[in-house]
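Could you walk me through this protein model in a friendly way? I am new to structures and would like the main points grouped by topic.

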Amino acid sequence: MEYISTRGSAAALDFEGATLAGLASDGGLYLPREWPRFTQAEIAEMAGLPYAQLAARIMQPFVGDCLTPDELLELCEAAYGRFSHKAVVPLVQLDERQWLLELFHGPTLAFKDVALQLLGQLFEKFLARRGSNLTIVGATSGDTGSAAIDAVAGREGVDIFMLHPNGRISDVQRRQMTTVRAPNVHNIAIDGSFDDAQAMVKRMFNDAQMTSRFNIGAVNSINWARLMAQIVYYFAAALQLGGPWRKIAFSVPTGNFGDVFAGYVAAQMGLPIQQLLVATNVNDILHRALSDGDYSTGSVTATAAPSMDIQVSSNFERLLFDCGGRDGAAMAAQMAGFEADKAMRLTNAQREGAADLFTSARAEPEDMNAALRWAREHAGQIIDPHTAIGLHAALTSDIDPAVPMVTLATAHPAKFSDAVERATGVRPQLPTRIGDLMSREEAYSELAGEYDAVRSFIEERASPAA
Ligand SMILES: *Cc1c(COP(=O)(O)O)cnc(C)c1O
């Protein structure tokens with residue numbers, strides 16, 4: 001399988017190359033040259049497979065010759081063996097029609113583990129084969145940092161430097177990063193905001209002195225391998241609810257558009273999906289884009305669902321490229337306009353292509369609280385604020401009530417216990433396996449919010465490319 005850039009001018013890469021590159025050199029995002037397809041009979045035959053086997057079956061066409069089926073299965077078993085639930089992503093029934101797909105049983109309690117645990121395995125495999133080292137540099141406002149650190153801690157060939165804004169993330173989120181003790185893990189608290197941290201990371205990717213000495217890698221959801229791993233659970237849920245012979249709808253709490261785009265790919269591969277609901281909070285750029293074609297950034301409002309507090313949804317570019325006729329030159333021009341104006345209109349082809357499958361909803365804080373209470377009162381379930389935004393969209397959707405509606409439960413409620421307690425009166429507890437998080441020893445370095453300070457810190461500690 002070959003991977004091409006949404007902006008048309010970067011060289012095509014194989015799966016291994018696309019996994020290690022992250023972003024394409026022309027600023028675009030990698031996508032497979034065409035979507036692999038399964039027949040309905042082939043999908044039906046996957047029913048009942050253990051999760052790791054299902055994952056290997058669904059991902060093999062994307063991996064191509066880069067891994068043998070046995071190698072891929074081995075990596076999937078290692079990645080998903082670290083989940084605390086045997087089903088990996090259990091499905092929970094809320095009422096006759098509403099379901100929750102629990103994606104938070106991984107080591108750091110958010111759905112990002114599903115993709116990053118596999119990505120950690122892929123990195124180690126590919127780097128060993130090439131005899132090279134990878135220096136991951138990232139900035140986090142919450143869940144990505146801890147999931148990425150857990151996925152690569154102690155792995156050969158990888159160093160990770162994770163920046164977070166000092167004093168501006170929750171104690172649980174910080175401790176999930178800073179209590180991981182491995183020589184290749186470096187936590188950096190910088191003076192400044194998440195956007196300042198993110199700007200430093202972007203600058204480093206364009207710093208020729210750094211990129212010539214180190215293989216700088218990314219773990220955010222622009223990495224194709226992350227999206228690929230997320231396709232699997234759409235199949236897993238549908239197969240349990242009567243798919244492929246019955247259509248299923250999904251409601252997805254959305255920020256960077258990675259998770260819900262994986263659902264779109266599942267549909268392109270032949271999984272019958274009735275609808276994908278893009279659930280946003282008041283940071284609703286995607287809701288505006290999908291409902292009236294207006295993709296324009298505003299300022300970010302901090303909410304109780306911080307992983308959805310975004311200005312720009314990087315992965316939306318993949319959808320626009322695929323729906324808009326896969327024209328890389330046109331996409332590059334459209335994105336250049338967006339970068340200059342902070343706003344753009346979707347083309348008619350993009351709007352119509354998206355409307356086939358997607359619809360969107362925006363939740364106000366009181367809608368989120370009402371959904372948190374609904375889950376508790378009607379189904380005895382304590383859910384997290386991000387999941388509640390998805391559930392709000394699911395409960396208010398007007399699609400055929402005969403279609404099962406699955407809301408993706410993206411985080412464990414104990415990650416956001418204050419907000420959950422405010423809405424429901426119940427304070428969710430951390431699972432016992434990480435119950436001692438608040439008493440573990442922390443390690444992190446505090447740096448001034450200056451690029452040069454961060455750069456010399458990394459230069460002194462990272463391993464050269466090869
Ligand atoms: C990252 C995250 C999201 C948003 O997912 P995207 O793939 O960025 O759209 C939603 N909920 C939680 C809990 C997250 O950590």
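Predicted model: local features only at pLDDT ≥ 70, side-chain atom pairs only at ≥ 80, totals over all residues.

Residues are numbered from 1 along each chain as its sequence is written, and side-chain values use heavy atoms, leaving out hydrogens and water. Helices (H or I, at least four residues) and strands (E, at least two) are DSSP runs, numbered from the N terminus.

**The sheet and its helix**

- Five strands form an open sheet in the order β8-β5-β6-β7-β15, and their pairing is parallel. Two strands pair if DSSP finds at least two bridges between them.
- At the edges sit β8 (216-217) and β15 (445-447), each of which pairs on one side only.
- Strands β5 (residues 134-139) and β6 (residues 158-165) run parallel and are joined by 6 bridges.
- Helix α8 (residues 194-205) packs on this sheet, where it touches β5, β6, β7 (185-190) and β8. Touching, or contact, means heavy atoms within 4.5 Å.
- The direction of α8 makes about 150° with that of β5. For such angles, axes are lines fitted to C-alpha atoms, for helices over the stretch in contact, and the angles run from 0 to 180 degrees between N-to-C directions.

**A closer look at β5**

- Across from I136 stands I160 in β6, and V137 has F161 in β6 as its bridge partner.
- Is β5 enclosed or open? It is largely enclosed by the rest of the structure, because 6 of its 6 residues are buried. Buried means under 20% relative accessible area, exposed means over 50%, and partly exposed is in between (1.4 Å probe, protein chains only).
- In a regular strand the side chains alternate between the two faces of the sheet.
- In β5, L134, I136 and G138 point one way, while T135, V137 and A139 point the other way; all are buried.

**Around the ligand**

- There are 15 residues around the ligand, and K112, D143, G255, N256 and D259 come nearest. To be near, a residue must have a heavy atom within 4 Å of the molecule or strand in question.
- Backbone atoms reach oxygen atoms of the ligand in several places: a backbone N or O atom of G255 lies 2.8 Å from one, a polar backbone atom of N256 is 2.7 Å from one, and a backbone N or O atom of G258 lies 3.3 Å from one.
- How much of the ligand does the protein cover? The protein covers 96% of the 390 Å² of accessible area that the ligand has on its own. Accessible areas come from the Shrake-Rupley method with a 1.4 Å probe, and for residues only the protein chains shown count as cover.

**Helix α11**

- Helix α11 (residues 258-268) is mostly covered, with 10 of its 11 residues buried. Among them are G258, D259, F261 and Y264.
- Just after α11 comes G270, with a positive phi of about 115°.

- Most residues other than glycine have a negative phi, and most peptide bonds are trans.
- L109 is not a glycine, yet it has a positive phi of about 70°. Its place is in the loop between β4 (98-102) and α5 (112-130), and L109 counts as buried because its relative accessibility is 0%.
- K342 is not a glycine either, and its phi is positive at about 60°. This residue lies in the loop between α14 (328-341) and β12 (343-345), and K342 is partly exposed, with a relative accessible area of 47%.
- G243 and P244 are joined by a cis peptide bond, with omega about 0°. P244 is found in the loop between α10 (224-240) and β9 (248-253).

**Two buried loop residues**

- D284 lies in the loop between β10 (273-280) and α12 (285-292), and D284 counts as buried because its relative accessibility is 11%.
- The side chains of D284 and R362 are joined by a polar contact of 3.1 Å. A polar contact is a pair of N or O atoms within 3.5 Å; within protein, one must be able to donate a hydrogen and the other to accept it, and residues adjacent in sequence count only if both atoms are side-chain atoms.
- S221, in the loop between β8 and α10, is buried, with a relative accessible area of 10%.
- Not counting residues up to four places away in sequence, S221 touches R226, L227, N256, N315 and R318.
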